[in-house]
Amino acid sequence: MRSLIFIFILLIGGQQNVLQGQRHKIQQTINKFVKAELLSSSSMGIAITDLRNGKMIASYDPNRSLIPASSMKILTCAATMKTAGKQFSFVTPVYLARKDFENGVLHGDLIIQGMGDPSFGSYWLENNLSFEQFADSVFYLLRGLGITELNGQIRVNNDYIKDIPENPEWLWYDLGNYYGAGCFGFNFLENTAQISIEEPKTPNQVCEIVKVVPEALEEQFCSNVQATKEVVAKDLFVLGSTQADHYEVFGKIKCCGNGQVVLKAAIKNPAETFAAMLAAGLKKRGLLVTGSYQLKPYKSIELLWNYKSQNLEKLIKRTLDKSVNLYAESFLHLLGNLLNGTTVRADALKSMQKYWTDQGMDDEGVKLFDGSGLSPKNKMTAKAMSKVLYSIHKDSSLRDFHLSLQDVTKAGILSGRLSNVSSLSDRYRLKSGSMEGVRCFAGYILENGKPKYALVLMINSYSCSSTEIRNKIADFLIHLSSVI
């Protein structure tokens, strides 16, 4: 009996020595990475946590408060999924407000009540109901009631969210670009317009905007893009906000081409844009909307249709996979409404921070200013993010959350280098975050398809090129995989 106990003790001791040896190698890999001359000017925080017990097994400066950029979306998406449930759908009610009805002419209004759905009409969300399909549905619903003409207006209520659409903590030069589009009570086409600019025939001229999609927005954009003989990157950007009269496109394009350059910009007023497009769409289908103002009170208001978005799980997949800021901001307002009965941004942020501290996140060094990570004022520590990832993992209702994160060997900025290493396939599921001088990754290291470790890597204030930092991080993940 004593011999068996002795053998058992030896086995346990041997296993512990193996684990200690592995942890030592992991820590050595981290130490080598942070000491690289390329990163000498950087501030960094790294944490690797064993998901079996929540213990940090290797780290570098895990308590340093850093800008997390879009890795912040993990907090917003997971808290919203837990609170609302994977099958939650945004519901956008469509009402028919009647005054009088005679000879197929309805005197009244069509009212759409925005409820914060970020995916309404999106071209980019797979299997989403398009604007044309929505217009078809409304047309047939009205014709089914015998209506051939609407003597009234299409009114889109935007009051579900009362904050200024763009977060005041965002940088001004981000606001006109698609990724800085504001979050409204009613959102449309992901609040994104597509602008086509003609390549110049001669230098030193302003390049003309030749097409805007949707067409209803043509008057909202003007071009200050310059033609040049120099070889330049096609780096065009948009300045403006929802509070300005219009958006302006700036940048340079090398002449002399015969094609077009396409860029994406924010939409100034999605509710107004949608109302104009729906009126035109109904007219095209044979149902006139006169746009007449009706002064008399309504005799009745009836629900015509409850339009439902795709479920939250699919919306979160798009949010994290493509890093769509609008979706994350919409989720923040939804979360505030569910947890605290208000969509006010400041209250929603307090609700989200409390949610995560209640889940065990140490909020020392953590400051939240938005739901998407676009604000450079957001602060997070590697330790705090690790706690968030561990909390998500141990919650059975969020068991598959890691599948919403990118397999960085197949997509994203690291895939070019990592895809060449076959053993890394589906090894890392991470959310990236980047802005000027910031590169972050947070998520999971998998083994046999299941998360085994949480990984947080945050780098601020690096001075090397984007290509250099990208390759350095990819090499770190390759080396880490060989020892973990």
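# Report on a predicted chain

Leu-217 lies in the loop between strand E8 (209-213) and strand E9. The model described here is predicted. Leu-217 has 0% relative accessibility, so this residue counts as buried, the cut-off for buried being under 20%. Setting aside the neighbours within four places in sequence, Leu-217 is in contact with Ala-193, Val-212, Ile-267 and Thr-273. Leu-217 and Asn-269 are 52 residues apart in sequence, and their C-alpha atoms are 9.5 Å apart in space.

## The sheet that includes E9

Strand E9 belongs to an open sheet of three strands, in the order E9-E12-E11 and with mixed pairing. The edges of this sheet are E9 and E11, each of which pairs on one side only. From one strand to the next, the twist averages 30 degrees. E9 pairs with strand E12 in the parallel sense, over three bridges. Cys-222 stands opposite Glu-248, a residue of E12.

| Strand | Residues |
|---|---|
| E8 | 209-213 |
| E9 | 221-223 |
| E11 | 237-239 |
| E12 | 247-250 |

## A pair of packed helices

Two packed helices are described by the angle between their axes and the distance between the axes. Helix H2 (residues 73-84) packs against helix H6 (residues 325-340) at an angle of about 45 degrees, and the axes are 9 Å apart. Because of that angle, H2 is oblique to H6. The crossing in which H2 passes H6 is left-handed.

Which residues of H2 meet H6? They are Lys-73, Thr-76, Cys-77, Ala-79, Thr-80, Thr-83 and Ala-84. On the H6 side, the residues they meet are Asn-325, Ala-328, Phe-331, Leu-332, Leu-334, Leu-335, Leu-338 and Leu-339. Sorted by class, the contact of H2 with H6 has 10 nonpolar residues, four polar residues and one charged residue.

## The chain as a whole

The secondary structure of the chain comes to 10 helices and 20 strands. Its C-alpha trace spans about 100 × 65 × 35 Å along the principal axes. The chain has 484 residues, of which 52% count as buried; Leu-217 also counts as buried. Among contacts between residues at least 6 apart in sequence, 72% join residues at least 24 apart.

Methods. Residues are numbered from 1 along each chain as its sequence is written. This is a predicted model: local features need pLDDT of at least 70, side-chain atom pairs count only at pLDDT 80 or more; totals for chains, interfaces and linings use all residues. Side-chain values use heavy atoms; hydrogens and water are left out. Axes are lines fitted to C-alpha atoms, for helices over the stretch in contact, and angles run from 0 to 180 degrees between N-to-C directions. Helices (H or I, at least four residues) and strands (E, at least two) are DSSP runs, numbered from the N terminus. Angles under 35 degrees count as roughly parallel, over 145 as roughly antiparallel, 65 to 115 as roughly perpendicular and the rest as oblique. A crossing is left-handed if the near helix is turned anticlockwise from the far one by less than a right angle, and right-handed if clockwise. Contact means heavy atoms within 4.5 Å. Ala, Val, Leu, Ile, Met, Phe, Trp, Tyr, Cys and Pro count as nonpolar, Asp, Glu, Lys and Arg as charged, and the others, Gly among them, as polar. Two strands pair if DSSP finds at least two bridges between them. Buried means under 20% relative accessible area, exposed over 50%, partly exposed in between (1.4 Å probe, protein chains only).
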